[in-house]
Amino acid sequence: MHFSPSALELYAITAPCANLTEQVRKAIDGGITMLQIREKNCTTKRLIEIAYPIVHMCKSACIPCIIDDDVEAARVLGADGVHVGQRDTKVKKVREILGDQAIIGTSAHSVDEALRAEYDGADYIGCGAVFHTKTKHDAILLPYATLCAICKAVSIPVVAIGGITKQNIPQLYASGVNGVAVVSAIFGQQDVTQAVKNLRQITAPFHKEDHLFL
């Protein structure tokens, strides 16, 4: 799949739940631009079972769908790619396994890590936590100045993650990021579809080139 930076505008990341397929369907109906399936505490076999209908749902909707960390699951499922952290499988190794067409994202918490990710062939970088978050208890807050420095240092797109809500998204407009990655602001809401629609109204400036100069 051709990867466009605009796919990062509203990047949804799943949280484990009993009716995940239905939750994702509602998120797609609302207008998410990309999806990451994150299931940290299950086997590859179980992940494939969970993700299979979701991957095909995203393909039908022409929404990039990637798997968090599990390269084998992504390969078997025919997902669009994977996201790997600094302590996960290395970007170069993932590229060898999944090929040139795969979307590979990785996390970076400093300019040096971001530059290394770009050099190794990552398609995008996830940076955070940009705000305090309850989703990842071990997340360390990334200073806003560092986020801006990363965006200036690399030529690949950057997505902000961590504690993002409809209230604080505007604080990121001038940072240089291409969009936001959210978990609770979508899947923690009672009306998932409406929550996504509300967020899309706020994330629209990320795909306008002039937002960097506000």
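**View 1. Strands E3 and E4 lie side by side in the parallel sense, joined by three bridges.** Strand E4 covers residues 81-84. Two strands count as paired if DSSP finds at least two bridges between them; strands (E, at least two residues) and helices (H or I, at least four) are DSSP runs numbered from the N terminus. Look for Ile67, whose bridge partner in E4 is Val82. From E3 the chain passes through helix H3 (residues 71-77) to reach E4, a right-handed β-α-β crossover. Right-handed here means that, with the strands pointing away from the viewer, the path from the first strand over the helix to the second runs clockwise. This is a predicted model, where local features need pLDDT of at least 70 and side-chain atom pairs count only at pLDDT 80 or more, while totals for chains, interfaces and linings use all residues. Residues are numbered from 1 along each chain as its sequence is written, and side-chain values use heavy atoms, with hydrogens and water left out.

**View 2. Strand E2 (residues 34-37) meets E3 (residues 65-68) in parallel.** Three bridges hold this pairing, and Ile37 has Ile67 of E3 as its bridge partner. Helix H2 (residues 44-60) carries the chain from E2 to E3 in a right-handed β-α-β crossover.

**View 3. Strands E7 (residues 158-161) and E8 (residues 179-182) run parallel.** Three bridges join them, and here Ile161 stands opposite Ala181 in E8.

**View 4. Eight strands close into a barrel with parallel pairing.** Their order is E1-E2-E3-E4-E5-E6-E7-E8. On average, neighbouring strands are turned by 25° against each other, direction ignored; axes are lines fitted to C-alpha atoms, for helices over the stretch in contact, and angles run from 0 to 180 degrees between N-to-C directions.
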